[in-house]
Amino acid sequence: MSERIILADLDQQLQEAVASTRRRVADLHAELPRWGLVVWTAGNVSERVVVDRGDGPVKTDLFIIKPSGVSYDELSAETMVVCTLDGEKIDDGTPASLKPSSDTAAHAYVYRHRDDVGGVVHTHSPYATAWAARREPIPCALTMMGDEFGGDIPIGPFALIGDDSIGRGIVETLEGSRSPAVLMANHGPFTVGKDARDAVKAAVMCEEVARTMSIAEQLGEVKPIPADMVDRLNDRYQHVYGQH
């Protein structure tokens, strides 16, 4: 077993990076109930710790995640848990009894296998989770989907919580896909991004298109957007839209 990491023993720059990431992740958790993506203590946000020692930002082998079963109105930067990429909690100054999220192993697996990912979010948002219960991908029939997801939102395999099975399902399902979201069968959506804010945005957008597409299916036959048009939508949104 490797020697336990003690936050207070790490260099000052890394401690400061951990502190700022804790604040950011704590603040972003407030976005989940704000957008109606979670109830009670369900759901979680994590972000990989990045440090800049003067020669550009570098991803570390630490990430911050919500503690398990703690109410959203009780979350703060001080209660955010610091873990290694193996999903093990370090000695981060929180009580030993404060455990990381039950989805920690899944988040850790994604970080280990997707170096481009800096943030992971899990919600049980109702419409997206309803599609997950049907084990069906959400078809790309909205320009918003072409923009944000670059195609269908895929369905991942059924996997139980507790080990890295969910993480494996996320990584395998998103391989070769432009979508930052995956619907894990009978469970709910997981989203990824360059950082936690990016992943939260994807979670909000995932629920929005899931809701709209649910309504569309009740009205009649859904007409998917042709693949070449999806390519054009996605390219413009990713490279032209917004401020650069």
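**A pocket, a helix and a sheet**

Let's start with a space: the largest pocket holds about 870 Å³. This is a predicted model, in which local features need pLDDT of at least 70 and side-chain atom pairs count only at pLDDT 80 or more, while totals for chains, interfaces and linings use all residues. Residues are numbered from 1 along each chain as its sequence is written, and side-chain values use heavy atoms, leaving out hydrogens and water.

A pocket here is an open set of points on a 1 Å grid over the protein atoms alone, where a 1.4 Å probe fits, with protein on both sides within 12 Å along at least five of seven lines; lining residues have an atom within 4 Å of a point. The volume is the space filled by probe spheres set on the points, which are joined across faces, edges and corners. Of the 28 lining residues, Glu-148, Lys-194, Asp-198, Lys-201 and Gln-238 are closest to the centre of the largest pocket. H7 gives the largest share of this lining, six residues.

After H7 comes Gly-220, with a positive phi near 150 degrees.

Finally, look at the open sheet, whose seven strands run E3-E2-E1-E4-E7-E6-E5 with mixed pairing; strands pair if DSSP finds at least two bridges between them. E3 (81-84) and E5 (155-156) stand at the edges with a single partner strand each, so one side of each has no neighbour in the sheet.

Conventions:
Helices (H or I, at least four residues) and strands (E, at least two) are DSSP runs, numbered from the N terminus.
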